[in-house]
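Dear colleague,

My notes on it follow directly after.

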Amino acid sequence: MNFNHAIVRTPCKNVVYGLTTQKTVCADYTKSIEQHENYIKLLEELGLNIDILTSEEKFPDSTFIEDTAVLTQCLAVLCNPGADSRKGEISSVRNFLKTKFSKIENIEGPGTLDGGDVLEINDQFYIGLSNRTDQNGAEQLLTILSKIGKTGSIIPVREGLHLKSSVSYLGENYLLINSESINISHFSDYECITTAFNEGYSANSISINGTVIMPNGFSKTKTKVENAGFMVKTLNVSEFKKLDGGLSCLSLRY
Ligand code: CIR
């Protein structure tokens with residue numbers, strides 16, 4: 001996927017109180033800052049201009065900025081996050097996006113939509129129905145996208161937080177997918193690389209200007225991606241993993 005820009009938000013100290021389904025782990029603030037800095041550095045090396053929004057202590061999960069908006073080249077759609085504690089993240093993102101996009105649309109309550117449930121492949125959008133995104137929110141997004149000539153479909157998410165927790169587009173018609181969480185038959189038009197046994201987390205990877213960035217520690221899946229012809233770089237995102245987040249969640253790319 002070709003991008004020129006990314007927007008990120010520095011983790012706040014309260015990141016340690018972020019939402020998580022994991023009971024026995026606690027994220028470390030200092031390590032999260034270090035891992036976030038390494039993430040920014042790598043995106044810069046891959047040619048992206050980065051806007052870094054300042055941390056917001058009121059919103060522990062605000063570093064997972066992907067969930068706040070869906071960006072296309074000509075339009076920004078502000079989400080209505082499914083988690084109540086995250087709804088307030090939208091306001092400052094809206095103010096920032098107004099300086100970059102001339103056209104802004106909104107997902108209106110009661111419909112909910114998290115950006116992590118929206119997978120864009122060229123002009124086609126796949127929207128996951130998850131614990132965070134509901135039918136109403138997904139249909140609102142489809143209506144907005146149809147106004148700019150884009151189409152999409154709605155896909156149930158069986159397991160995992162968001163659609164993109166379990167599937168990533170790598171480019172060249174390839175997907176990386178955790179077939180335990182997502183029914184692979186929704187993606188029969190693509191070459192699907194499935195994550196290796198016990199490596200489902202690595203399905204949350206990102207492809208930037210010809211390089212695939214994967215979380216470190218998933219060597220079998222990394223080899224599969226390399227064997228398909230991709231250049232792979234890895235990052236340690238252990239602290240974000242503890243909060244059910246990962247590589248895609250940490251930026252809005254356009
Ligand atoms: C949450 O539960 O909302 C955050 N702790 C993690 C959000 C991860 N975002 C993403 O997958 N797009």
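Is Lys 222 buried, partly exposed or exposed? Lys 222 is partly exposed, with a relative accessible area of 28%, where buried means under 20% relative accessible area, exposed over 50%, and partly exposed in between (1.4 Å probe, protein chains only).

This is a predicted model, in which local features need pLDDT of at least 70 and side-chain atom pairs count only at pLDDT 80 or more, while totals for chains, interfaces and linings use all residues. Residues are numbered from 1 along each chain as its sequence is written, and side-chain values use heavy atoms, with hydrogens and water left out.

Salt bridges

Lys 222 forms a salt bridge with Glu 226, the closest N and O atoms being 3.2 Å apart; the term denotes a side-chain nitrogen of Lys or Arg within 4 Å of a carboxyl oxygen of Asp or Glu. Both residues lie in helix H4 (residues 219-227), four residues apart, about one turn of the helix. Helices (H or I, at least four residues) and strands (E, at least two) are DSSP runs, numbered from the N terminus. Glu 226 counts as partly exposed, at 32% relative accessibility.

A search of the whole structure finds 12 salt bridges. One of them joins Arg 253 and Glu 66 (3.2 Å, N to O). Arg 253 lies in strand E15 (residues 252-253) and Glu 66 in the loop between strand E2 (49-53) and strand E3 (69-71), so the pair ties together parts that are 187 residues apart in sequence. Arg 253 counts as buried at 15% relative accessibility, as does Glu 66 at 3%.

Nonpolar core

The largest nonpolar core has 25 residues, and those with the most contacts inside it are Tyr 39, Leu 43, Ile 208 and Ile 213. Such a core is a set of buried Ala, Val, Leu, Ile, Met, Phe, Trp, Tyr and Cys residues joined through side-chain atoms within 4.5 Å. Strand E1 (5-9), helix H1 (29-45) and strand E12 (206-208) are the elements that give two or more residues to this core, and H1 supplies the largest share, four residues.

Strand pairing

Strands E9 (residues 167-171) and E10 (residues 174-177) pair in the antiparallel sense over four bridges; pairing requires that DSSP find at least two bridges between two strands. The two form a hairpin with two residues between them, and Glu 172 in the turn has a positive phi of about 55°. E10 also pairs with strand E11 (residues 191-194), in the parallel sense over four bridges.
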